[in-house]
Amino acid sequence: MMPVLHSTKNLQIVEPPTTTREGIGRFECTDTYTVFHYGRMPDLIPGKGEAICRMAVFNFRMLEEAGVPTHFRRFIPPATIEFDLARVPDPAAGPPAPGERNYLVPVQVLFRNELPQGSSVHRRLADGELTPAVIGLRTIPAAGAKLERPFIEYATMLDDVNRFISRGEAQRLAGLNSEHFQAMHDTAIKVNEVLTGHAAKVGLSHCDGKAEFLLSSDARLVLADSPGTPDESRLMYNGVHCGKQVLRNWYVANGLDMPTRQLIADGVPRSQWPQPAPLPPEFLPAMSDLYRSLSETWTGECRWNAPDLHAATQAVSDLIGQ
């Protein structure tokens with residue numbers, strides 16, 4: 001297995017891709033977590049990898065039933081997904097050339113339905129990077145505001161710290177013609193609709209998320225990565241974050257957040273970055289219960305006899321604070 005940079009998944013290449021043919025890859029979902037663009041943090045959350053993997057498998061199957069093509073091939077229990085593997089473009093080489101195929105589109109599509117605490121939209125509004133009108137509002141929204149329609153935006157996905165970009169720059173960096181780019185946009189909206197609808201059915205809020213794509217060897221846009229898991233989407237239950245945002249909040253509240261943007265801007269090599277503080281040990285079983293409870297709630301498959309989501313989120317709120 002090879003660790004994926006800044007990822008919680010390990011990548012195994014079974015068959016490498018070529019310019020004309022997809023390869024085969026396997027993602028092993030691990031018990032690690034990431035915050036602050038730092039990469040893997042010091043602690044392991046027992047059972048997180050399997051819980052998230054089973055959610056991803058459920059979502060791939062649900063989305064395929066809804067007509068969304070994905071790169072999913074099969075589930076290898078307990079925590080591995082096999083998938084069609086495309087080539088990863090070299091950012092230094094510039095955008096993919098016209099007519100190029102079988103590559104991971106180096107742009108992610110983000111969808112926002114609500115603006116909870118922790119959403120980058122609040123910071124960007126305060127900094128003047130966004131205006132309320134851009135996201136369909138008349139005034140600065142309060143934390144927790146719900147949008148009348150999803151706000152769709154784009155970001156890079158191969159940078160040390162990914163950046164938000166315009167639709168025009170997104171199409172240029174993606175190397176897609178107008179038809180393919182519009183198809184990517186429309187498919188992302190469909191993915192959001194399916195995930196948001198399922199979340200509502202099981203008592204959750206799907207506040208925001210993202211979709212990644214590959215352009216296949218036969219020029220089809222195919223959904224990639226693991227959409228709808230708490231590593232890729234912001235899911236909440238009764239106002240409590242069901243994922244790493246609660247840990248991010250604890251680090252910030254205790255003055256332990258990592259200044260990764262400043263470190264990168266200052267050109268500090270990753271090997272010289274300070275080591276993040278570990279979590280208090282009592283946080284780990286609470287987070288383990290939260291991820292397992294979320295997975296059981298989302299998939300309807302009870303494997304761990306985890307506390308129900310009400311109890312799991314209450315335990316996390318009492319221990320870590322919300």
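The model described here is a predicted one.

**The second largest pocket**

- The second largest pocket holds about 200 Å³ of space.
- Its lining divides into seven nonpolar residues, one polar residue and four charged residues.
- Strand β8 (145-156) supplies four residues, the largest share of the lining.
- Both β8 and β9 (164-165) contribute at least two residues each to this lining.
- Among the lining residues are Phe151, Ile152, Glu153 and Tyr154, together with Phe164 and Ile165.
- The lining also includes Arg124, Glu129, Leu130, Val134, Ser166 and Arg167.

**Helix α4: length and ends**

- Helix α4 covers residues 178-201, which amounts to 24 residues.
- From its first C-alpha to its last, α4 reaches 35 Å, close to the 34 Å expected at 1.5 Å a residue.
- The N-terminal end of α4 is capped by asparagine 177, which places a side-chain oxygen 3.2 Å from the backbone nitrogen of glutamate 179.
- Glycine 203 follows α4 and has a positive phi, near 85 degrees.

**Helix α4: buried residues**

- The buried residues of α4 include the histidines His180, His185 and His198.
- Also buried in α4 are Phe181, Met184, Ala188, Val191, Val194, Leu195 and Ala199.
- Thr187 and Asn192 are likewise among the buried residues of this helix.

Key: Residues numbered from 1 in each chain as written. Predicted model: local features only at pLDDT ≥ 70, side-chain atom pairs only at ≥ 80, totals over all residues. Heavy atoms only, no water. 1 Å grid on protein atoms, 1.4 Å probe; cavity = no way out; pocket = protein on both sides within 12 Å on 5 of 7 lines; lining within 4 Å. Points joined across faces, edges and corners; volume = space filled by probe spheres on them. Nonpolar A, V, L, I, M, F, W, Y, C, P; charged D, E, K, R; others polar. Expected span 1.5 Å × (residues − 1). Buried < 20%, exposed > 50% of the residue type's maximum accessible area, 1.4 Å probe, protein only. Polar contact = N/O pair within 3.5 Å; in protein donor to acceptor, adjacent residues only side chain to side chain.
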